[in-house]
Amino acid sequence: MKKQIRKWMIRIFAITLLIAGILLIIILNPLLTYASKTTYNSYSIYHNKALNPAFTSKLEQATFLLKSSEFYGNELILDICLNDGSIYPTLIKKLQGPAFARGFYNKVILHGTMNCTANYLELNGYKWNLVQLLVHEMTHCLQYKKLGFWKSNPVANIPTWKWEGYAEYIARQDQNQNQKDLLLNINRLQTADKSKWEVVFEDGTIAPKDYYNSWNLVKYCLDIKKMSYEQLLQDKTSESELKTQMMKWYEENKSERTTKAFTLMGA
């Protein structure tokens, strides 16, 4: 009886190992589940349907923003996996949970419905700015490349606000989106609908409030306190203490925000 149990345990282990191996091979090789691959600069774009020509221009815009990261290097080569019929995004969703997109290792996986012309990706009725979403997930790939497997999330257990906040910080560097001013950003959050989980921007796209909080805090540390991201990762100041510092800075400078708001309104 014990021998039979041992044999079954070995078989179950072998089958589990085989399935895990197959999944790993598929995850590392998206082309196994896509009909087409298009190479553009340092990107490999995996897709089932004809690639929208406008998508490459979005990648160019994303690359421009990505270069503002201190972790950026010209050697970065990424796989971009579109959600246009392949089982690959569904597989990643099963493994990592639902999201607008995922970025890990050297891969960016988009979920939802992409509209290149209007520059958004829609999921469950919510829209995320497409270029900013690409940059957010690409930044996670930068973090992994720079820090390595053991010092990256989820293994390193870096505070979520530092991990996600930096991705948002890099993604929202576009001056045209009116999201670079920390005073205006804090005010936008304070006046947002408290019953909703998201902040809505002028173009109709959104950011989750927890990401928004993290982004503002990282922005405060990097732009106001003049820290580098690597210094921020090493800094031991608590999130609550930094938030207290940020809000004190905001109260001392919010008259400047009011002046800027009137300027933007043409007053």
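The text below goes through the cavity and then the pockets.

The model is predicted, so local features need pLDDT of at least 70, side-chain atom pairs count only at pLDDT 80 or more, and totals for chains, interfaces and linings use all residues. Residues are numbered from 1 along each chain as its sequence is written, and side-chain values use heavy atoms, with hydrogens and water left out.

On a 1 Å grid over the protein atoms alone, a cavity is a set of points where a 1.4 Å probe fits but cannot get out, and a pocket is an open set with protein on both sides within 12 Å along at least five of seven lines; lining residues have an atom within 4 Å of a point. Points are joined across faces, edges and corners, and a volume is the space filled by probe spheres set on them.

One cavity of 30 Å³ or more is found in the whole structure. Its lining consists of Ser-42, Tyr-43, Thr-63, Tyr-72, Leu-76, Ile-77 and Leu-78.

| Space | Volume |
|---|---|
| Largest cavity | About 30 Å³ |
| Largest pocket | About 850 Å³ |
| Second largest pocket | About 250 Å³ |

The largest pocket has 32 lining residues, and Gln-96, Arg-102, Gly-103, Phe-104 and Asn-153 lie nearest its centre. Helix α4 contributes the most to this lining, five residues (helices are DSSP runs of H or I, at least four residues, numbered from the N terminus).

The second largest pocket is lined by residues including Leu-147, Lys-151, Glu-230 and Lys-236. Helix α8 (residues 229–234) supplies the largest share of that lining, three residues.

Methods. Helix = DSSP H or I, 4+ residues; strand = E, 2+ residues; numbered from the N terminus.
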